[in-house]
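This report walks through one protein chain, topic by topic, for a reader who is new to looking at structures. Please keep the sequence and the 3D view at hand while reading.

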Amino acid sequence: MAREKHFLAVHAASHDKVYRYLRRRCEGASTAEDLCAEVFRIAWERSQQDQDLSVLMMFGIARNVLRNHQRSAMRSQNLAQRLEGERPRPVDSDDGAVQEALEQLKPDEREVLLLTYWDGFTSAEIAALLNLPATAVRMRLHRARKQLGALLGTDRAAEDVQR
């Protein structure tokens, strides 16, 4: 009971100061409230270990909690930036025609075409991945190339060059 009274006294003496300290150093009121709650959770655990609590100790805990929060936010930001770098770019006008043509292909042929050219798999690897014979993969790839060329009009351009 004495421990609880001591904790409540420290809480009453330092809560507003700790909150203001955190609020000045973080992005929002809700974050400051969460961090303040974490500070007093840690303080409660320390009071169970018979550690003396003081306002100064509360600020030390608050400082550590804030540093942990900032490190976590930095890791999240770095991850978001890396993921943003891996995000597919918007389709350019030249790529729009290719995208439309790909969407017109049969799903099986489109899958084989994409696995071959965009993912870099061999026919044997695609056959294992799709659980198909390699000859079926090569046939689908041939049909997909031919169909894509027809949709993009490259067959006619190639014929004109050959003439």
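## Overall picture

Of the 163 residues in the protein chain, 26% are buried. The model is a predicted one, and the description that follows should be read with that in mind. The protein chain contains eight helices and zero strands, so that, because helices and strands are both counted as DSSP runs, the order of elements from the N terminus reads α-α-α-α-α-α-α-α.

## A positive patch and its surroundings

Arginine 20 counts as partly exposed because its relative accessibility is 43%, a value that lies between the limits of 20% for buried and 50% for exposed.

The C-alpha atoms of lysine 17 and methionine 58 are separated by 9.6 Å, although the two residues are 41 residues apart along the chain. Methionine 58 is part of helix H3, which covers residues 55-86, and methionine 58 counts as buried because its relative accessibility is 0%.

Cysteine 26 is in no disulfide, and the nearest cysteine sulfur, which belongs to cysteine 36, is 9.9 Å away. In general terms, a disulfide is a covalent bond that joins the sulfur atoms of two cysteines.

Are these cysteines buried or exposed? Cysteine 26 has a relative accessibility of 11% and therefore counts as buried, while cysteine 36, with a relative accessible area of 2%, is also buried.

## Salt bridges

The structure holds four salt bridges, and three of them are described here one by one. Glutamate 38 forms a salt bridge with arginine 41, and the closest N and O atoms of this pair are 2.5 Å apart. Both residues lie in helix H2, which covers residues 29-48, and they are three residues apart, or about one turn of the helix. Glutamate 38 is partly exposed, since its relative accessible area is 28%, and arginine 41 is likewise partly exposed, with a relative accessible area of 38%.

Which residue is the partner of aspartate 108 in a salt bridge? The partner is arginine 140, and the closest N and O atoms of the two are 3.9 Å apart. This pair links distant parts of the chain, as aspartate 108 lies in helix H5 (residues 107-117) and arginine 140 in helix H7 (residues 134-152), 32 residues apart. Aspartate 108 counts as partly exposed because its relative accessibility is 44%, whereas arginine 140, at 19%, counts as buried; the limit for buried is under 20%. A salt bridge also joins arginine 143 to glutamate 109, with the closest N and O atoms 3.1 Å apart. Here too the pair links distant parts of the chain, with arginine 143 in helix H7 and glutamate 109 in helix H5, 34 residues apart. Arginine 143 is partly exposed, with a relative accessible area of 40%, while glutamate 109 counts as buried because its relative accessibility is 7%. Finally, salt bridges that share partners join Glu38, Arg41 and Glu45 into one network.

Most residues other than glycine have a negative phi. Asparagine 131 has a phi near 60 degrees, which is a positive value in a residue other than glycine. Asparagine 131 sits in the loop between helix H6 (123-130) and H7, and asparagine 131 is exposed because its relative accessible area is 69%.

Methods
Residues numbered from 1 in each chain as written. Predicted model: local features only at pLDDT ≥ 70, side-chain atom pairs only at ≥ 80, totals over all residues. Heavy atoms only, no water. Buried < 20%, exposed > 50% of the residue type's maximum accessible area, 1.4 Å probe, protein only. Disulfide = S-S within 2.5 Å. Helix = DSSP H or I, 4+ residues; strand = E, 2+ residues; numbered from the N terminus. Salt bridge = Lys/Arg side-chain N within 4 Å of Asp/Glu carboxyl O.
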